[in-house]
Amino acid sequence: MTDSDYPDTDPAWRNAAAIFAVLLIVILLAAAAYWMMHGRDRLWPRPSDPPLDAALGCSLSQAECRLQTARNAMGGDLTATLRLVDYYTGNAPGGADTRDLTEAYVWAGIGKCSVTVGELDFEHRFQRDRAATYLDAITPQLSSSQLDAARHRLTDQLKGLGVSGYIIVGDMHMAGCALERDLVRAGAYFIAAAEFDGFGSDIAEARWQELYPRLSSREAALARQYAQQLSISRRGGSLPILEAALRADEIDVDDLQIALIDLGHLRGTVDGKIGPQTRAAVRSFQECEGLAGNGELSPDLRVRIIQTAAHGSLADDDFLPRGAASCHLSRGSPHSSLVLGMMYMSGVGVAPDLNRAENYLRAAARQAGPEVDRRFKVSGRANLGLALLTYKYKLPEAATEPQQQALLAETCEYFKRADSYPGEPLAHLREDIARLRTALDPYMSSGDCRGPIRR
């Protein structure tokens, strides 16, 4: 049988029909794919990722929000922590505008290394493994100075959680997880946490007893020495909670402008206003530090500017970030050392640390030259801060009458050097300074800093 047996059938027509059928199938498949990607959302919208604050359940600008996220991570729930890593790696809505790899390192480190619950279910193990993958990917992208900065910020974030946070920092140093492996520093954090008379101190004591046999006598002595700087039980057992430590909005714009001038990013006058020149200087600083240059003065960035400008005034300070060394004009600013000392004394932007506060205030008083002192009264303000620190914090802990009298005389000497300066850069300390003036007035009037202590 041949084609002639079917006169109505044309081979050319059959070929055209086959081609048409293939094209129709391709068009239908393409339309179906387009509908699946776009059209179906009009009928059955797919849930999209909520904004960051909605995903966290709080505002990232609030210190308590960051605290709660870290607490959740310690309990094994890393959902919010991983959202923060996405946000700071630029993978969240906003893209590159949110990129800050040092901050991403902080939260990836918390996600990988701070889980304290015993047995994790599959979902939480998956989350921890994902945080570890992020941490491994972020670390090679950071310079050594950026890595120092990230580890410093990670440590301060966890210290804000009190005893449990100090224990986690110690554990991280023991394991070399996100923080450098340092058994001496691990011991210091365990000792400091064990000194607090409250929940968790027994765990810290057990950690120290477990670690102690692994240290030489010299290393154990160094751990105790570091622990004195880290003490979280001083001043009547109050914890340096990060709600107080992250009040960085109390750092005056004037002080930030002076720091930016000292670092070489701002050219102009100090006017206390965040105008175009200041925003441009902030962007320059951010780019120098490897951050997204949006010109916004977030709480963390305010602290970082002051720390970077002050760093170098203490030769042996290994706690502070070193920043990107080549793109800042200078370091060791006496004015920023003054402000940072006040911040450490009062818990503004950083966890309270009286040892560091005293060291920075002394450095500011010692290093301020005549021109800096004439313009910003750095020496007078630093001595005023030292007078307040000695009278409010050191004097009450003096065990004997001779020690009290010596500290009172030291307070008066600081106060004499500061007497011409009427104010203080951090607003919430002004009331303390007013009380200090009232308490010291009888001594200063008589010219004799001896006698009963007036509180």
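Select Cys-113 and Cys-177: a disulfide (a pair of cysteine sulfur atoms within 2.5 Å) joins them, with an S to S distance of 1.8 Å. A search of the whole structure finds 1 disulfide. Cys-113 lies in helix H5 (residues 101-113) and Cys-177 in the loop between helix H8 (163-175) and helix H9 (183-194), so the pair ties together parts that are 64 residues apart in sequence. Helices here are DSSP runs of H or I of at least four residues, and strands are runs of E of at least two, numbered from the N terminus. The torsion about the S-S bond is -75°, which makes the link of Cys-113 and Cys-177 left-handed.

The model is predicted, with local features needing pLDDT of at least 70 and side-chain atom pairs counting only at pLDDT 80 or more, while totals for chains, interfaces and linings use all residues. Residues are numbered from 1 along each chain as its sequence is written, and side-chain values use heavy atoms, leaving out hydrogens and water.

Stay on the two cysteines and show their surface. Are they buried or exposed? Cys-113 is buried at 14% relative accessible area, and Cys-177 counts as buried at 15%. Buried means under 20% relative accessible area, exposed over 50%, and partly exposed in between, with a 1.4 Å probe and protein chains only.

Next, select Ala-178, in the loop between H8 and H9. Ala-178 has a positive phi of about 70° although it is not a glycine. With a relative accessible area of 8%, Ala-178 is buried.

Move to helix H20 (residues 378-394). Its 17 residues should span 24 Å at 1.5 Å a residue, and the end C-alpha atoms are 22 Å apart, which agrees. The expected span is 1.5 Å times one less than the number of residues. H20 is mostly covered, with 15 of its 17 residues buried.

Now select Ile-19, Leu-23 and Ile-27. They form a nonpolar patch on the surface, with about 320 Å² of accessible area together. Accessible areas come from the Shrake-Rupley method with a 1.4 Å probe; for residues, only the protein chains shown count as cover. Ile-27 lies in helix H1 (residues 11-43) and counts as exposed at 55% relative accessibility. An α-helix has 3.6 residues a turn, so residues three or four places apart point the same way.

Finally, zoom out to the whole protein. It has 22 helices and 0 strands. Of its 455 residues, 48% count as buried. The accessible surface comes to about 22,000 Å², of which 54% belongs to carbon and sulfur atoms.

Conventions
Patch = residues over 30% accessible without salt bridge, like charges linked within 9 Å, V, L, I, M, F, W, Y side chains within 5 Å. Salt bridge = Lys/Arg side-chain N within 4 Å of Asp/Glu carboxyl O.
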